[in-house]
Amino acid sequence: MHIVCNGRQQEIDQGKTLGGLLEDLGLPADSVVAEINQKIIDRDQYATLKLSQGDQVELIRFVGGG
Amino acid sequence: MLTIAGTEFSSRLFVGTGKFSSATVMEHAIAASEAQMVTVALRRVDLENPDDDIMSHLDRDKIHFLPNTSGARNADEAVRLAHLARAASGSRWLKLEVTPDPRTLLPDPVDTLKAAAQLVKDDFIVLPYINADPVLALRLQDAGVAAVMPLGAPIGTNQGIQTALQVAIIIEQARVPVVVDAGIGAPSHAAQAMEMGADAVLVNTAIAIADDPIRMAAAFKQAVQAGRQGFAAGLGASSTSTRASSPQRGFIGESLNFIEE
């Protein structure tokens, strides 16, 4: 199924969790904040939250700024 | 000691983390600045470069984090970014920036006030970046912000305190700390803001793009300390008519009057 992750179309397996997606991307869960369809997801839900077809996933982290 | 929202800071220099040539340089510059408050921005993870994580270079035991809402063009976007920042940092502290025009990056006063009121309700500690507008500064204080951050000049211009008169009025009227932000391009600018009675300054570009950012960070630390000391010591009044520093009698001149005294 398809999701949109950080503006990019991505094909993922049925039943993939948010935590599984982060693992595939090589991102430690504690280094990012995830928003799905503009709703912030608590970190303790990453491991169990299953992604759905068409989900808009935003993975966000701190960068240098003034 | 500077106190903002009940938290004490012994350093009055806040440092931004943007534009550094490397994370290592940034880390050393922050150490040299002795800043205890640093700003960070939120952006999408670069999925091509997932290891690029600024947080691994900042020691949160020593440094207080001030996430900003840079990139927000209106109040709604700023509020959304603020909640993301709180989820990412676990902290209520926020530098509120609403900049609709990417050319000038000047802050939108109407949406800044609107977002500030909402975020105070949402239990954030809000430090809004504003134009040097004394009336807006008061309105924001009424809305419950923890400090105000008037600009000296537009972001990244290094033009110094172009807004000195308005900043002076903001300081005179302030019931919360005043942090002069943006435009500070040289240590002397930071010293000037502190001599005027600003509670702190925020510097990013001037340090990050210096030939030697670590040395520049140390220079800003000294300038902020010197400016604060100057303010605390009480500056003498300025005047347009001359007032001699040396005694006006006993001159060694043609008359040699002093011999006769």
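Chain B brings 28 residues to its contact with chain A, and chain A brings 18 residues. The model is a predicted one. Strand 4 of chain B is the top contributor on the chain B side, with six residues. Strand 4 of chain B also pairs with strand 5 of chain A. Within chain B, helix 4 crosses helix 5.

**The chain B side of the contact**

- Two elements of chain B, strand 4 (37–44) and helix 2 (75–89), each give at least two residues to the side that touches chain A.
- Of these two, strand 4 of chain B gives the most, at six residues.
- By class, the chain B side that touches chain A holds 15 nonpolar, nine polar and four charged residues.

**Strand pairing between the chains**

- Phe62(A) has Leu42(B), in strand 4 of chain B, as its bridge partner.

**Helix packing in chain B**

- Helix 4 (residues 134–143) and helix 5 (residues 164–173) of chain B have axes that come within 9 Å and cross at roughly 30°.
- Angles under 35 degrees count as roughly parallel, so helix 4 of chain B is roughly parallel to helix 5 of chain B.
- The crossing of these two chain B helices is right-handed.
- Helix 4 of chain B contributes Pro134(B), Ala137(B) and Leu138(B).
- Facing them in helix 5 of chain B are Gln166(B), Ile169(B), Ile170(B) and Gln173(B).
- This helix 4 to helix 5 contact in chain B has five nonpolar and two polar residues, with no charged residues.

Conventions
Residues are numbered from 1 along each chain as its sequence is written. Chains are lettered from A and ligands numbered from 1 in the order in which they are written. This is a predicted model: local features need pLDDT of at least 70, side-chain atom pairs count only at pLDDT 80 or more; totals for chains, interfaces and linings use all residues. Two residues are in contact if their C-beta atoms, placed from the backbone, lie within 7 Å. Helices (H or I, at least four residues) and strands (E, at least two) are DSSP runs, numbered from the N terminus. Ala, Val, Leu, Ile, Met, Phe, Trp, Tyr, Cys and Pro count as nonpolar, Asp, Glu, Lys and Arg as charged, and the others, Gly among them, as polar. Two strands pair if DSSP finds at least two bridges between them. Axes are lines fitted to C-alpha atoms, for helices over the stretch in contact, and angles run from 0 to 180 degrees between N-to-C directions. Angles under 35 degrees count as roughly parallel, over 145 as roughly antiparallel, 65 to 115 as roughly perpendicular and the rest as oblique. A crossing is left-handed if the near helix is turned anticlockwise from the far one by less than a right angle, and right-handed if clockwise.
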